[in-house]
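Please look over the sequence and the model below, and then follow the text from the overall layout to individual residues.

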Amino acid sequence: NNGEALPFTRGCSMYRADASGKLQVGFDVPEPAPLKPGSAGLGLLSVASRLIAEPIRAIPLICWILYVTIVFFSNGIIPGPDATQLDPATWQEVLGLSLNFWLVAPLLSLP
């Protein structure tokens with residue numbers, strides 16, 4: 001391989017060569033690949049660095065977290081049950097209306 005890294009050779013490999021240098025037997029013990037967060041990790045780091053550089057940017061994030069908590073998970077602040085106590089028929093209706101809104105309405109050029 002002329003000193004170049006071999007592809008997919010992460011882990012431990014053992015080979016036996018003959019007198020001419022040709023490989024006769026090979027044994028690989030691959031190392032499992034670690035979890036790779038990819039673009040999600042980069043996005044989280046980007047948001048964190050922006051919040052550290054300009055703390056005022058945290059206000060919309062805090063407002064969104066409060067909104068979601070109050071609307072979906074709180075009992076007594078707004079009337080009716082929270083989202084964790086809704087029956088399955090309600091969630092089926094929400095799914096149907098959401099699919100209609102996000103998929104069908106744009107195809108038909110509805111407002």
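From the N terminus on, the elements of the protein follow the order β-β-α-α-α, which gives 3 helices and 2 strands; helices (H or I, at least four residues) and strands (E, at least two) are DSSP runs, numbered from the N terminus. The model is a predicted one, in which local features need pLDDT of at least 70 and side-chain atom pairs count only at pLDDT 80 or more, while totals for chains, interfaces and linings use all residues. Residues are numbered from 1 along each chain as its sequence is written, and side-chain values use heavy atoms, with hydrogens and water left out.

Of the 111 residues of the protein, 6% count as buried, where buried means under 20% relative accessible area, exposed means over 50%, and partly exposed lies in between (1.4 Å probe, protein chains only). The protein exposes about 9900 Å², of which carbon and sulfur atoms supply 69%; these areas come from the Shrake-Rupley method with a 1.4 Å probe, and for residues only the protein chains shown count as cover. Among the contacts with a separation of 6 or more, 2% are accounted for by residues 24 or more positions apart, a contact being heavy atoms within 4.5 Å.

In strand S2 (residues 23-30) we find Asp 28, which counts as partly exposed because its relative accessibility is 47%. Leaving aside its neighbours within four places in sequence, Asp 28 is in contact with Cys 12, Ser 13 and Tyr 15. Met 14 is 14 residues away from Asp 28 in sequence, and the two are 6.4 Å apart in space, C-alpha to C-alpha.

The structure holds 1 salt bridge, that is, a side-chain nitrogen of Lys or Arg within 4 Å of a carboxyl oxygen of Asp or Glu. In this bridge the side chains of Arg 57 and Glu 54 meet at 3.6 Å, N to O. Arg 57 is partly exposed, with a relative accessible area of 41%, and Glu 54 is partly exposed as well, at 38%.

The next stop is the end of helix H2. Which loop holds Ser 74? Ser 74 lies in the loop between helix H2 (58-73) and H3, and it counts as buried because its relative accessibility is 11%. A polar atom of the Ser 74 side chain lies 2.5 Å from the backbone oxygen of Ile 70. Not counting residues up to four places away in sequence, Ser 74 touches Thr 69 and Asp 82.

The count of aromatic pairs comes to 1, under the rule that rings of Phe, Tyr and Trp (its six-membered ring) pair if their centres lie within 6.5 Å, with planes under 30 degrees apart counted as stacked, over 60 as edge-to-face and the rest as tilted. Phe 72 and Phe 73 form this pair, which is tilted, with 6.5 Å centre to centre and 55° between the planes. Phe 72 counts as partly exposed at 34% relative accessibility, whereas Phe 73, at 51%, counts as exposed.

Finally, a nonpolar surface patch of about 890 Å² is made by Leu 95, Leu 99, Phe 101, Trp 102, Leu 103, Val 104, Leu 107 and Leu 108. Patches are made of residues with over 30% relative accessible area and no salt bridge, like charges being joined within 9 Å and nonpolar side chains (Val, Leu, Ile, Met, Phe, Trp, Tyr) within 5 Å. Leu 107 has its place in helix H3 (residues 88-107), and Leu 107 is exposed, with a relative accessible area of 72%.

Notes. A polar contact is a pair of N or O atoms within 3.5 Å; within protein, one must be able to donate a hydrogen and the other to accept it, and residues adjacent in sequence count only if both atoms are side-chain atoms.
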